[in-house]
Amino acid sequence: MASYDVIVIGSGPGGYVAAIRCAQLGLKTACVEGRETLGGTCLNVGCIPSKALLHASHQLHEAEHNFAKMGLKGKSPSVDWKQMLAYKDDVIGQNTKGIEFLFKKNKIDWLKGWGAIPEAGKVKVGDEVHEAKSIIVATGSEASSLPGIEVDEKIVVTSTGALELPKIPKKMVVIGAGVIGLELGSVYARLGTEVTVVEYLDAITPGMDGEVQKTFKRLLEKQGLSFVMGAAVQSVETMKTKAKVHYKLRKDDSDATLDADVVLVATGRRPYTDGLGLDALGVEMTERGQIKTDAQWRTNVPGIYAIGDAIAGPMLAHKAEDEGMAAAEVIAGKHGHVNYGVIPGVIYTHPEVANVGHTEEELKEAGRAYKAGKFSFMGNGRAKANFAADGFVKILADKETDRILGAHIIGPMAGDLIHEICVAMEFGASAEDVALTCHAHPTYSEAVREAALACGDGAIHS
Ligand code: NAI
């Protein structure tokens, strides 16, 4: 038995970041992880591997569609799926080993196994019980399927199975047009799979700016993805190597089916808190199964904190990281803070989609007077040169004060460009502040400045 200031349960982006910050702040820290490698869902079966496949499949798309236009002639590359998966696994390995290195560097003990909390102040891992003045629960989330659908990770898969299919399927049905469905659906569409996305609502990516939703869907359709909208999936029937997806169209209650070699279930995730013993401890939960915390990530049980996907808020790695750092600071007696109004969201398709702050729909509903400055990448020289002129930047600012309220980008490097607006919002900047900032030419960032200019006297290149 060992004694620690802090034991973090879970080594995903929330947990490992919390552990590192605790150690940096002088706290004796351990982190419990039952997987064979550190990094949680994000590094092992989520963000990182999916980005590797998105990158590889995008390169193929470039070779097939744009190389010849630039005078790069020759046979298009063919896909060696085994090698592509090996590349993805190598990327995972480099990242998970990186966390192991950081743990050693910061003298954090990795307690290998699945953790439980038998009582406040104690963490059980295997047969050993360790003491901890503070415990941070950072156990993340798991895919939530639908009733009538049995996931076997072979024919009916979650994102985990979709990252290691034995071969590229001919036909794939994706259930849910959210982030996971569209990122992985577009990977397989680019690799030649016939992809059909079945979505319950009438728009893709729920909660996103309406104009972005429409443009995004149009661009994905151009890339070959098909959509069945307003369709509630009822069940999935599996045969030996095939599946049949049964759905009901909401507009007329009619039934229909789709055949597939692989069905990807991407209908959301739910907090993963199994086996921790939170019930017995009396830790309060929300009706959605999230751990209830106060504004400083404390649960109702003294000494137990919770962060990331296991608590309320968007299920995003970077939100978990920020909470991890802040919770560590609170435990160390400092002032931990997360600005939930400025958390970017990114979809790593091509083009990328990124947003921060309010959507137009939210501002209208709140009756808030705002102005929208929009700029198309068609007017951006760099985007044109790089075959990346699809999409736009939209900045929303308060009508009176010009303070930036939100931004929505669909286009090249949107996931990087959005941070200019995040920083501006953190500083309470106006659209004019961004517009008056000199932006290097020729860069994609100029489109952000042009959108800011469009909030005032007008963009130059539109
Ligand atoms: P999601 O919540 O983003 O989307 C699920 C979609 O499934 C919704 O559009 C919903 O209307 C639809 N749906 C639900 N039941 C259905 C039914 N019976 N028939 C048809 N459609 C149905 O969930 P997703 O994509 O699984 O992602 C889970 C979480 O992981 C999200 O919170 C997401 O933010 C996070 N994530 C974030 C990434 C990123 O930031 N790039 C990447 C991957 C995941």
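What follows is a short chat about a predicted model of one chain.

Student: What does the secondary structure come to, in helices and strands?
Tutor: The chain in this predicted model has 14 helices and 22 strands.

Student: And how does the radius of gyration sit against the globule rule?
Tutor: The radius of gyration is 23 Å, close to the 23 Å that the rule gives for 462 residues, so the chain is as compact as a globular protein of that length. Along the principal axes, the C-alpha atoms fill a box of roughly 65 × 60 × 50 Å.

Student: What share of the residues counts as buried?
Tutor: Of the 462 residues, 52% are buried. The chain exposes about 21,600 Å², and 52% of that area comes from carbon and sulfur atoms.

Student: Charges next. How many positive and negative side chains are there?
Tutor: There are 49 positive and 59 negative side chains. The centres of the two sets lie 4 Å apart.

Student: Switching to strand 22: mostly covered or mostly open?
Tutor: Strand 22, residues 404–411, is mostly covered, with eight of its eight residues buried.

Student: Which way does strand 19 run against strand 22?
Tutor: Strand 19 (residues 352–357) and strand 22 run antiparallel, joined by six bridges. Within strand 22, glycine 411 is the residue opposite glutamate 352.

Student: What about strand 21 and strand 22, how many bridges there?
Tutor: Six bridges join strand 21 (residues 392–398) to strand 22, and the two run antiparallel. Here phenylalanine 392 faces isoleucine 410 of strand 22.

Student: Which residue in that hairpin takes a positive phi?
Tutor: Aspartate 402 does, with phi near 70 degrees; the hairpin of strand 21 and strand 22 has five residues between the strands.

Conventions: Residues numbered from 1 in each chain as written. Predicted model: local features only at pLDDT ≥ 70, side-chain atom pairs only at ≥ 80, totals over all residues. Heavy atoms only, no water. Helix = DSSP H or I, 4+ residues; strand = E, 2+ residues; numbered from the N terminus. Rg over C-alpha atoms; globule rule 2.2 N^0.38 Å. Buried < 20%, exposed > 50% of the residue type's maximum accessible area, 1.4 Å probe, protein only. Areas by Shrake-Rupley, 256 points an atom, 1.4 Å probe, with all protein chains shown as cover. Lys, Arg positive; Asp, Glu negative; His and termini not counted. Charge placed at Lys NZ, Arg CZ, Asp CG, Glu CD. Pairing = 2+ DSSP bridges.
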